[in-house]
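Subject: Handing over the structure

Hello,

Please find the structure below. My notes on what turned up follow it.

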There are 2 protein chains.
Amino acid sequence: MTPNLHLLNHCRIVLCQTSHPGNIGSTARAMKTMGFQNLYLVQPKIFPSPESNSLASGATDILEKATVCHTLEEALAGCTFVIGLSARRRQLSHALLPIREVAGRLPELLQAHTESPQNIAFVFGTEMSGLSNAELDLCQMVAMIPANPEYASLNLAAAVQIVCYELRMALLDQKDPLRDLPKSQISPQPDKTIHYASIDDIELMYEHLEQTLYSIGFLKAKEPGRIMQRLRRMFARSRLEKEEVNILRGIFKLMQSPRSNPID
Amino acid sequence: MTPNLHLLNHCRIVLCQTSHPGNIGSTARAMKTMGFQNLYLVQPKIFPSPESNSLASGATDILEKATVCHTLEEALAGCTFVIGLSARRRQLSHALLPIREVAGRLPELLQAHTESPQNIAFVFGTEMSGLSNAELDLCQMVAMIPANPEYASLNLAAAVQIVCYELRMALLDQKDPLRDLPKSQISPQPDKTIHYASIDDIELMYEHLEQTLYSIGFLKAKEPGRIMQRLRRMFARSRLEKEEVNILRGIFKLMQSPRSNPID
């Protein structure tokens, strides 16, 4: 695990007065896929519910340990920084920062390099009207997701998904985002299992190709130089592997003396 | 509108054999919030449906103009680049690139600086098992979302939301380093004259290749599926141009009925 990813445990996702229980379930699933655990629910309309559990899929553990609160203040207890999510400009509001920019400040906000990292919260308003002004007053920063101005209506859980994704990406080792994937999720490292063909093998293959194209009558009628140049360019772009050169040469060999009759 | 955002109209979101109509509706909403329009559905289990419409919320227009197809090939007609989304490693698979890295290449893949941008597709598999190997064979690149290795099960529409968000961000972020240079200082765009082959042309070329390899006796003795998959991967890496496909098909034609005798 990237050393920093445990810091996601210091982030809370806070949903205020959520109307649809399905959104609470989908939020739990979105959080867990990105490695988040701490869900706080301020006056959810319906919770718990079978619909939440169903949409949480394999993330019902997040729902089971969710903290239900009467007020937003209660949900923020112990946090030292609070970021509200908003899609709209507010009068007298804080500046609206894109979530990617906020995520870039995450290590600093969490005090990632200290012995006692800080707890921070990301607060989401209702499905219909977002965060109230009173709720925004509790936030030190307001973040937004740069959406289509003609239709910016992200589903609540979809917004949580993007926020959690951005935060995870910010803590992942920037140089190697695949490092935390289990081996089974990673394709073979290109240099480890791929055996590239050497230039000399490739040149021999081109010679064989040219000779073959003459023998089937393809190069006679055309401009041999130009055709060979195009074919070289085409193969060059794909950075041939040894086994591929072997397959090609096997084909060229049979092109010169096929084992069966042509089918047309 | 950022000048480049209209290029999102050259991107398709393709869902293969989706089981739950709700996911189709949520996908439409996710797409529209990020400025995407073109939804292709390959053999959806249920479509159209009241559930899709309900979850699409204000994005029912995307559903109304969605293209329903029988095969993935049909959904990819006219595209010159295809990116599959996958969470798992596959045998003989392409390398798995994080979606942010793929998004970073978006302007190049779309040929954003040319007069005729290319159409490209992002392909999503079923909720249960993702893309099949046959579907992955149609992709030139495979992208993944770096998720929690202990629970990487993103909802389908949530995955579409992240992909569309990343693509939008990539076009928003894009700086044009050539913008302030005088015209005389700018080299002609190397890609301006390149005409990429469409996926349908490429598929016809593969069919022709397979038929030809049978006719010369190459595929009889070997494992046809594995050989064809390797050849597809090899060609996929080089992003074929129209003229190259024509050259290849000209060669295949003569392989089946050579104009002169083999020289050895």
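The contact between the chains takes 62 residues from chain B and 61 residues from chain A. This is a predicted model. On the side of chain B that touches chain A, the elements giving two or more residues are strand S5 (96-98) and helices H1 (21-33), H8 (156-173), H9 (199-215), H11 (224-237) and H12 (242-256), each of chain B. H12(B) gives the most, with eight residues. By class, that side of chain B has 32 nonpolar, 17 polar and 13 charged residues.

Next, the core. The largest nonpolar core has 162 residues. Val14(A), Val123(A), Val14(B), Met31(B) and Val123(B) touch the most other members. H8(B) supplies the largest share of this core, 13 residues. What does Val14(A) touch, leaving out residues up to four places away in sequence? Its partners are Tyr40(A), Val42(A), Ala75(A), Ala121(A), Phe122(A), Val123(A) and Phe124(A). In soluble globular proteins, nonpolar side chains tend to be buried together.

Now chain A by itself. Chain A has 13 helices and seven strands. Of its 264 residues, 41% count as buried. Take the contacts in chain A with a separation of 6 or more: residues 24 or more positions apart account for 82% of them.

One helix pair in chain A is worth a look. Helix H1 (residues 21-33) and helix H8 (residues 156-171) of chain A pack at an angle of about 15°, and their axes are 8 Å apart. H1(A) and H8(A) are therefore roughly parallel to each other. The crossing of H1(A) past H8(A) is right-handed. H1(A) brings Asn23(A), Ser26(A), Thr27(A), Ala30(A) and Met31(A) to the contact, while H8(A) brings Leu156(A), Ala157(A), Val160(A), Gln161(A) and Cys164(A). By class, this contact has six nonpolar, four polar and no charged residues.

Last, the backbone. Most residues other than glycine have a negative phi, and most peptide bonds are trans. Some places here depart from that:

- Phe47(A) and Pro48(A) are joined by a cis peptide bond, with omega about -5°. Pro48(A) lies in the loop between strand S2 (38-42) and helix H2 (50-56) of chain A.
- In chain B, the peptide bond from Phe47(B) to Pro48(B) is cis, with omega near -5°.
- Gln17(B) is not a glycine, yet has a positive phi of about 45°. Gln17(B) sits in the loop between strand S1 (11-16) and H1 of chain B. With 18 C-beta neighbours inside 10 Å, Gln17(B) counts as partly exposed.
- Ser57(B) is not a glycine either, and has a positive phi of about 55°. Ser57(B) is partly exposed, with 17 other C-beta atoms within 10 Å.

Best wishes

How values were computed:
Residues are numbered from 1 along each chain as its sequence is written. Chains are lettered from A and ligands numbered from 1 in the order in which they are written. This is a predicted model: local features need pLDDT of at least 70, side-chain atom pairs count only at pLDDT 80 or more; totals for chains, interfaces and linings use all residues. Two residues are in contact if their C-beta atoms, placed from the backbone, lie within 7 Å. Helices (H or I, at least four residues) and strands (E, at least two) are DSSP runs, numbered from the N terminus. Ala, Val, Leu, Ile, Met, Phe, Trp, Tyr, Cys and Pro count as nonpolar, Asp, Glu, Lys and Arg as charged, and the others, Gly among them, as polar. Axes are lines fitted to C-alpha atoms, for helices over the stretch in contact, and angles run from 0 to 180 degrees between N-to-C directions. Angles under 35 degrees count as roughly parallel, over 145 as roughly antiparallel, 65 to 115 as roughly perpendicular and the rest as oblique. A crossing is left-handed if the near helix is turned anticlockwise from the far one by less than a right angle, and right-handed if clockwise. A nonpolar core is a set of buried Ala, Val, Leu, Ile, Met, Phe, Trp, Tyr and Cys residues joined through C-beta atoms within 7 Å. A residue is buried if 20 or more other C-beta atoms lie within 10 Å of its own, exposed if 12 or fewer, and partly exposed in between; C-beta atoms are placed from the backbone.
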